[in-house]
Amino acid sequence: MSGRLLRKIGKTIICVALGAVILFNSPVVSRAYDDTVSISEDTYNTLTKGTRVYNGVDYGAKYGYNPLYYFLNYNDLRIAYGADPAKLVEHYALFGIKENRVANRQITRGAHSWGSSNEYIVPSNQLTSNQSNGMTVIPEQLHNNGGMNKRQDVEARSVAKQLADSIYEIVMLANNPEDSNKNSSSSSSSQEEKKPVINEIQMVAYATGVVQAYCKAGKELTREEVAATNSKVYRTSYGVFCAHEFTSAGATRALGLILDYLDADIHRDYPDAPPIKWVHVNANTWNLQFCQIACNNHEAYADAINGIAGYGKHPTQGGVEKDIQSYVSVATLTQIINTRPPFTDDGTYSTQDLPKNTNPMTGTANDYKW
């Protein structure tokens with residue numbers, strides 16, 4: 001073997017060695033971008049049972065390190081190491097602690113420089129009759145209002161907020177009856193205050209029943225009827241709450257608007273509570289539309305057209321009907337707020353006390369402007 005060839009091989013070995021040193025002694029810098037996480041049941045179990053020990057130190061015991069949370073929280077680690085518990089704990093020990101990375105709880109992506117877009121990665125089907133492990137991604141979406149003008153948006157939001165406030169109070173009181181006796185002299189001040197029950201799935205199901213009641217009081221337009229009208233209110237929450245004409249697009253947006261206000265009510269009183277976040281499934285199609293939801297840190301769904309809600313997948317996506325929670329029997333037509341628009345076509349304030357569940361817009365344009 002010639003000396004020239006030996007020198008060439010030696011340079012190659014030195015370059016590889018230096019590359020390895022740089023790789024294993026530097027923080028991971030991801031050049032790829034991925035705003036979703038694909039996690040299988042095997043991945044979930046691998047990470048849940050994965051090692052928390054590096055160089056004899058148990059980082060789970062010392063810092064609360066959890067390989068599943070570390071994997072879910074950081075997009076660059078998912079790309080670099082995948083679901084390799086040994087590599088994840090190594091990175092946490094060498095770099096994660098110094099970089100103040102969070103590994104003891106799940107956080108929302110987008111709040112730090114390593115994150116992808118805001119998304120909620122939650123267990124799926126673990127609170128259902130199937131009881132199977134797995135995770136699903138609920139991305140944070142900016143929902144459009146379907147094309148409502150300013151007046152319609154104000155009126156629809158007014159109704160949605162009143163409904164959300166009412167549902168929140170009813171469900172919280174039903175799950176925490178002792179709250180109504182807080183000032184009772186029999187309660188001991190030395191007794192530790194009980195943590196409130198925030199039953200988000202119950203609120204979601206209740207809201208679903210209320211919106212279905214609105215739908216029953218109005219008219220669901222067919223595809224032919226939609227094609228024959230110049231109005232777009234059928235696809236808005238205003239169409240459900242005020243104009244009383246709708247499609248599944250409008251019913252989904254009306255329900256989603258209530259969920260947004262429920263989320264605000266919950267976090268006004270309990271900032272650390274799990275969020276209620278929803279995705280508009282099958283938007284801009286003629287398929288059944290509904291809300292896929294992150295609720296109580298689990299996947300759930302709510303379908304206003306059929307008046308059903310529950311944990312896990314929607315029945316059309318493989319969910320089980322026995323998991324459905326229905327509040328239609330409670331959320332009857334009597335709970336519909338009088339949705340008479342406060343302004344008439346000529347812009348004056350209407351004082352006429354119209355009965356509930358009638359369409360005050362019959363025979364008039366539903367999309368008049370301020």
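Helix α8 (residues 200–217) packs on helix α11 at an angle of about 145 degrees, and their axes lie 10 Å apart. Axes here are lines fitted to C-alpha atoms, for helices over the stretch in contact, and angles run from 0 to 180 degrees between N-to-C directions. The model is predicted: local features need pLDDT of at least 70, side-chain atom pairs count only at pLDDT 80 or more, and totals for chains, interfaces and linings use all residues. Residues are numbered from 1 along each chain as its sequence is written, and side-chain values use heavy atoms, with hydrogens and water left out.

**Chain overview**

- The protein chain holds 11 helices and 10 strands; helices (H or I, at least four residues) and strands (E, at least two) are DSSP runs, numbered from the N terminus.
- Of its 370 residues, 44% count as buried, where buried means under 20% relative accessible area, exposed over 50%, and partly exposed in between (1.4 Å probe, protein chains only).
- Among contacts with a separation of 6 or more, 62% are between residues 24 or more positions apart; contact means heavy atoms within 4.5 Å.

- Helix α11 (residues 248–269) has 22 residues and spans 32 Å from its first C-alpha to its last, close to the 32 Å expected at 1.5 Å a residue; the expected span is 1.5 Å times one less than the number of residues.
- In α11, 17 of the 22 residues are buried, so the helix is mostly covered.
- Helix α8 has 18 residues and reaches 26 Å between its first and last C-alpha, close to the expected 26 Å.
- α8 is mostly covered, with 16 of its 18 residues buried.
- The crossing of α8 and α11 is right-handed; a crossing is left-handed if the near helix is turned anticlockwise from the far one by less than a right angle, and right-handed if clockwise.
- On the α8 side the contact uses Glu200, Met203, Val204, Ala207, Thr208, Val211 and Cys215, and on the α11 side Ala251, Ala254, Leu255, Ile258, Leu259, Leu262 and Ile266.
- By class, the residues of this contact are 12 nonpolar, one polar and one charged; Ala, Val, Leu, Ile, Met, Phe, Trp, Tyr, Cys and Pro count as nonpolar, Asp, Glu, Lys and Arg as charged, and the others, Gly among them, as polar.

- Helix α7 (residues 150–175) and α11 have axes that come within 8 Å and cross at roughly 50 degrees.
- That angle makes α7 oblique to α11; angles under 35 degrees count as roughly parallel, over 145 as roughly antiparallel, 65 to 115 as roughly perpendicular and the rest as oblique.
- α7 passes α11 in a right-handed crossing.
- α7 contributes Ala156, Arg157, Ala160, Lys161, Leu163, Ala164, Asp165, Ile167 and Tyr168 to the contact, while α11 contributes Leu257, Ile258, Tyr261, Leu262, Asp265, Ile266, Arg268 and Asp269.
- The contact of α7 with α11 has 11 nonpolar, no polar and six charged residues.
- The axes of α7 and α8 come within 10 Å and cross at roughly 135 degrees, and these two helices are therefore oblique to each other.
- The crossing of α7 and α8 is also right-handed.
- Val159, Leu163, Ile167, Tyr168, Ile170, Val171, Met172 and Asn175 of α7 meet Gln202, Met203, Tyr206, Ala207, Val210 and Tyr214 of α8.
- The α7 and α8 contact divides into 12 nonpolar, two polar and no charged residues.

**Asparagines with positive phi**

- Asparagine 100 has a phi near 60 degrees, a positive value in a residue other than glycine.
- Asparagine 100 sits in the loop between α6 (85–96) and β3 (119–123) and is exposed, with a relative accessible area of 67%.
- Asparagine 284, also not a glycine, has a positive phi of about 60 degrees.
- The loop between β7 (277–281) and β8 (290–295) holds asparagine 284, which is exposed at a relative accessible area of 70%.

**Two residues and their contacts**

- Alanine 294 is found in strand β8 and is buried, with a relative accessible area of 2%.
- The C-alpha atoms of alanine 294 and proline 123 are 9.3 Å apart, although 171 residues separate them along the chain.
- Not counting residues up to four places away in sequence, alanine 294 touches Tyr120, Val122, Ile138, Pro275, Ile276 and Lys277.
- Isoleucine 324 lies in the segment after β10 (308–311) and is partly exposed, with a relative accessible area of 25%.
- Leaving aside neighbours within four places in sequence, isoleucine 324 is in contact with Tyr301, Ile308, Ala309 and Pro315.
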